[in-house]
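Good morning, colleagues. Please keep the view open while I speak.

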Amino acid sequence: MLDVRRLHLLRELDRRGTIAAVAEALTFTASAVSQQLGVLEREAGVPLLERSGRRVILTPAGRSLVAHADAVLNRLEQAAAELAGARDGIGGPLRIGTFPSGGHTIVPAALAELARRHPALEPMVREIDSARVSDGLRAGELDVALVHDYDFVPATPDTTVDEVPLLEEPMYLVSHAGGEAMSAGGAEALRTGGAEALRTGGTAKSGSGDTLAALLGPCAEVPWITARDGTTGHAMAVRACQAAGFQPRIRHQVNDFRTVLALVAAGQGAGFVPEMAAVPSPAGVMLTKLPLFRRSKVAFRAGGGAHPAIAAFVAAATTAVDVMAGSGGRVRNPA
């Protein structure tokens, strides 16, 4: 009989790439992980791993077993959700991950809704980049999380995570309203050429290189403010600029859009913000709507969507977004 805990280790090795990374994520020693994987190989009766230099890679049999592990662990999540549904009431800890802008807009309203409907629930919020959420969910560090992806940085399919769409919002170029940070005539070109580009109806999804060039081109020579290296926001900013025909000269790297707005207002360069974070904007900032979009979702371990606490958070987050839209917040739900 194959041991489920060892199947989990094999799946983590497939996702994380090294035994050391698996050990760190799951708070084991590397030798303990190696030992347990060795036991799993003996249980399976065929080689599951092979050495490639200093790395360990999965054999075809190992990769096949990972697919079965996904199915087994998915069913266990469904079973846990069903058992939780048989209990009276919703309570206990709920570990919630969020990206920064969701943390100061959607999450507080969602937590207020949860407190009103399920006072025995104990939400615990942790800020985390969307690129790391699936690792956190699989490791049991998170139960549910807000995640997002951007045009130019689509989400990588992940069989270990289920998602519920929450909202889609346009991105904005944020630049200094006085134009001091731009090249000569850049501010006027941004106002006139950018408006004309938007009237043409081009979108990033249909390959609007000319549209982006007209919108972003006036800021090609200014310093840029992006999210930190390794984040989806950083990748989106770089790829959007490249699609517009230039490589951004990055000066500042911050993950909080409020800080991006403040830096732009101080004449420190240009950046991108989603619609959710664009209001209110400080004086001295010009916002230009782009044919680029950010999509936000609620993510949780595959099979766990019926768990009462997770379903309650999804409902609360959806209510929060609906209230934001109804009260003048400029976000919109996906079609």
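Let me begin with a term: two residues are in contact when they have heavy atoms within 4.5 Å of each other. Please also bear in mind that what you see is a predicted model.

With that term in hand, consider Val33, which is found in helix 3, residues 30-44. Which residues is Val33 in contact with, leaving aside its neighbours within four places in sequence? They are Ile19, Val22, Ala23 and Phe28. Is Val33 buried or exposed? Its relative accessible area is 1%, and because buried means under 20%, Val33 counts as buried.

I turn now to the chain as a whole. It has 335 residues, and 48% of them are buried. Its secondary structure consists of 13 helices and 10 strands. Of the contacts with a separation of 6 or more, 76% join residues 24 or more positions apart. The accessible surface comes to about 15,500 Å², and carbon and sulfur atoms account for 54% of that area.

Next, the interior. In soluble globular proteins, nonpolar side chains tend to be buried together. Here the largest nonpolar core has 33 residues, and Leu216, Trp224, Phe272 and Val273 have the most contacts inside it. Among the elements that give two or more residues to this core are strand 6, helix 9, strand 9 and strand 10. Helix 10 gives the most, with 5 residues. Taking Val273 as an example, and not counting residues up to four places away in sequence, we find that it touches Pro170, Met171, Tyr172, Val174, Phe257, Val260, Leu261, Ala278 and Leu287. Apart from this core lies another, of 25 residues, including Leu94, Val107, Met276 and Met324.

Finally, the largest pocket, which holds about 520 Å³ of space. How many residues line the largest pocket, and which of them lie nearest its centre? There are 23 in the lining, and those nearest the centre are Ser130, Ser134, Ala155, Thr156 and Asp158. By type, the lining divides into 9 nonpolar, 6 polar and 8 charged residues. Helix 7, strand 5, strand 6 and strand 10 each supply at least two residues of this lining, and helix 7 gives the most, with 4.

Notes
Residues are numbered from 1 along each chain as its sequence is written. This is a predicted model: local features need pLDDT of at least 70, side-chain atom pairs count only at pLDDT 80 or more; totals for chains, interfaces and linings use all residues. Side-chain values use heavy atoms; hydrogens and water are left out. On a 1 Å grid over the protein atoms alone, a cavity is a set of points where a 1.4 Å probe fits but cannot get out, and a pocket is an open set with protein on both sides within 12 Å along at least five of seven lines; lining residues have an atom within 4 Å of a point. Grid points are joined across faces, edges and corners, and a volume is the space filled by probe spheres set on the points. Ala, Val, Leu, Ile, Met, Phe, Trp, Tyr, Cys and Pro count as nonpolar, Asp, Glu, Lys and Arg as charged, and the others, Gly among them, as polar. Buried means under 20% relative accessible area, exposed over 50%, partly exposed in between (1.4 Å probe, protein chains only). Accessible areas come from the Shrake-Rupley method with a 1.4 Å probe; for residues, only the protein chains shown count as cover. A nonpolar core is a set of buried Ala, Val, Leu, Ile, Met, Phe, Trp, Tyr and Cys residues joined through side-chain atoms within 4.5 Å.
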